[in-house]
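Open the structure in a viewer and keep the selection tool at hand. The tour goes stop by stop.

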Amino acid sequence: MQYIKAIISLFEVLFFSIGIFPASTEINYGGDEYSAPEIITEMFLVKDGESDFVIATEENPDECIVTASEELQNYIEQSTGALLPVVTEDEITPEDKAILLGNTEIGKGIKEIDTSEIKEDGFRFYSDGAHLMIIGEDSRGTLYGVYTFLEEYVGVRWYTPQLENVPKKEDIIVDANTDILVGPSFAIRRNSPAYADDKYRARIKTNVSFWNEAEEYGGALTYILWDVTLDRLVPDSLFAEHPEYFAMNPDGTRTTDHVCLSHPDVLPIAIENARGFMRDCPRKTSDHIHIGQKDNSNYCHCETCTALYEKYGSISAPTIIFTNNFADALDEEFPDFTFTFYAYGETERPPKDLSLKCNDNVVPVLCELHHACRNHTLGTCGAIDDNQIESEFLNLYGDNEDFIAQDHKDWTVIAERTYIYDYTINFLFSAQFFSNFETMQSTMKYMHDIGITGYVYNCGDGHYAAFNDLRNYLLPRLQWNVNADVEYMMMDFMNFYYGEEAAPYIKEIIDIQTGQIKATAHAFDFDWHYQSGYYPISKINKLDSLWKKALESDVTEEQKFRIETDSLSWEFFKANQFLGEYFFLNPMRMQAQEELYDELMSHGITKVSSFSTLPTNKEDINFIQRPIEWE
């Protein structure tokens with residue numbers, strides 16, 4: 001039966017690939033339909049470019065509230081020309097018109113707001129016809145409230161760290177009886193595109209920077225140690241005298257590829273080294289430390305570790321036990337710390353025995369999305385990245401065990417808090433289209449609904465990748481609100497980034513590629529060039545035509561450059577697949593490939609993979625070879 005399904009699936013993919021079955025381009029990117037703030041009774045904060053409002057803070061505002069007042073004043077002035085004075089509340093009377101930031105005494109007289117009812121990083125908008133209160137759970141929440149106000153009521157957009165839009169307008173209007181409570185979907189949120197700084201991360205309401213405390217922006221989650229850390233807690237230099245501290249191979253030899261977490265002498269060594277790092281860390285507000293193994297698939301096969309694997313039904317068991325004991329030993333001296341560990345590689349699957357729990361201060365960082373298909377919905381696809389052609393077709397159309405989705409659910413039973421380490425690009429060939437736009441919202445909503453508490457990393461955010469500016473615009477907004485309208489956000493971004501005339505063409509390109517890959521392939525984070533979908537000639541011609549129309553649109557020079565840059569993802573794919581002008585029998589193919597190289601370099605694309613750089617010396621390239629072979 002399995003082989004019959006594979007044969008049927010093979011024919012279905014073939015028919016989609018040659019166009020007998022048309023792949024749908026009706027793509028549902030997810031989320032609730034966007035609606036602008038409702039205005040029933042108008043309260044003009046600015047009218048005809050003038051204002052009689054001030055921006056007021058408490059008497060001795062902290063530096064985050066100062067930032068909030070300066071950002072609010074700056075962007076209102078940029079948009080309308082009206083300069084609202086920034087004052088402290090002792091300089092005004094309760095009768096004066098004011099935008100009140102934070103927990104002011106004047107605000108308490110207007111409406112007593114219990115900030116304990118506001119989620120961490122959340123805020124409340126309240127107005128009474130003469131005042132607008134923006135009050136957060138804490139100062140950072142107030143700052144996020146200001147940024148949300150600027151987005152929703154002024155129309156400010158921070159599209160990338162280097163690209164913002166401040167629309168010119170005469171009026172800023174809110175409803176005179178506003179009462180809105182807002183809070184994030186995930187308590188922990190990280191996205192940090194190339195060139196991002198603390199200010200940009202605050203503007204997109206992400207609160208993790210790993211290493212920068214960012215006090216003027218309300219602070220951020222920072223780590224004492226992050227990523228691969230076991231080699232610092234249990235240094236490889238110990239191997240010469242104590243090989244027993246390290247992983248046993250199946251043949252009985254020892255290796256520094258991993259640590260033997262069940263050896264009784266290893267835990268005290270790790271604790272003492274951690275204590276030194278924690279005491280000496282220059283970031284005084286850091287409150288996380290991480291247990292992270294090296295990036296390989298080896299693990300310890302000693303008798304004690306193996307017994308724990310068998311007892312609890314997962315290789316992750318010794319890591320959980322070790323991290324719990326590690327946290328217990330350090331908790332008295334560092335009571336507010338969180339101890340995280342990687343559920344990655346050999347440790348990514350949770351114990352089958354769910355009675356093995358993480359301490360309240362121990363948080364697994366879940367990396368299993370690394371294996372999941374990113375263009376079919378998590379929980380329904382069940383496909384895994386195993387590079388088996390037979391299973392590729394069975395995964396596409398067969399009945400699959402959705403164990404990755406179930407594993408995440410089980411981790412939320414084992415741990416009170418759980419963080420996601422998300423993979424968002426194709427690392428093998430980042431320059432070509434990666435089809436995860438349709439599933440971003442559904443994946444985040446699934447994680448939210450099962451109780452995941454944080455997105456601590458988005459692997460790919462600092463890399464070059466096709467459409468990555470768009471991807472990095474969507475990701476933090478979905479972390480903040482998993483029900484956000486993705487298509488609205490996409491068009492809002494593309495209209496400004498590419499230009500209003502070109503944006504519909506590029507949106508149609510994304511729709512076509514998403515639909516075609518969905519019908520003929522999966523999308524994994526380590527896909528080869530030939531795994532990114534199969535296109536009939538009609539679709540190839542259609543995509544060529546749409547890119548041509550986008551490039552010929554009435555846009556600015558900057559917008560045209562961005563269109564050119566993203567169009568190279570399609571050219572790169574065609575060249576590797578011998579499609580169009582790159583067909584291997586075309587006598588002009590070498591010239592076309594040379595022109596492609598020139599375009600890649602002139603548009604700053606020096607890497608088409610996360611693991612290799614294009615040759616800078618053109619003479620070193622044999623243009624008979626496909627771009628994947630230009631090394």
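The stops below cover two surface patches, a helix and a cysteine.

The model is predicted: local features need pLDDT of at least 70, side-chain atom pairs count only at pLDDT 80 or more, and totals for chains, interfaces and linings use all residues. Residues are numbered from 1 along each chain as its sequence is written, and side-chain values use heavy atoms, with hydrogens and water left out.

Select Leu14, Ile18, Ile20 and Phe21 to see a nonpolar surface patch with about 350 Å² of accessible area together. Patch residues have over 30% relative accessible area and no salt bridge; nonpolar side chains are joined within 5 Å and like charges within 9 Å. Areas come from the Shrake-Rupley method with a 1.4 Å probe, and a salt bridge is a side-chain nitrogen of Lys or Arg within 4 Å of a carboxyl oxygen of Asp or Glu. Ile20 lies in the loop between α1 (2–18) and β1 (42–46).

Next, select Asp62, Glu63, Glu137, Asp138, Glu215 and Glu216, which form a negative surface patch. Glu137 sits in the loop between β6 (131–136) and α4 (139–154).

Go on to helix α11, residues 403–414. Helices are DSSP runs (H or I, at least four residues), and strands are E runs of at least two. Nine of the twelve residues in α11 are buried (under 20% relative accessible area; exposed is over 50%, partly exposed in between). Among them are Phe403, His408 and Trp411.

Finish at Cys300, in the loop between β16 (288–291) and α8 (303–312). Cys300 is buried, because its relative accessible area is 1%. Pro250 is 50 residues from Cys300 in sequence, with 8.3 Å between their C-alpha atoms.

Definitions and conventions
Lys and Arg count as positive and Asp and Glu as negative; His and the chain ends are not counted. The place of a charge is taken as NZ of Lys, CZ of Arg, CG of Asp or CD of Glu. The expected span of a helix is 1.5 Å times one less than its number of residues. Buried means under 20% relative accessible area, exposed over 50%, partly exposed in between (1.4 Å probe, protein chains only).
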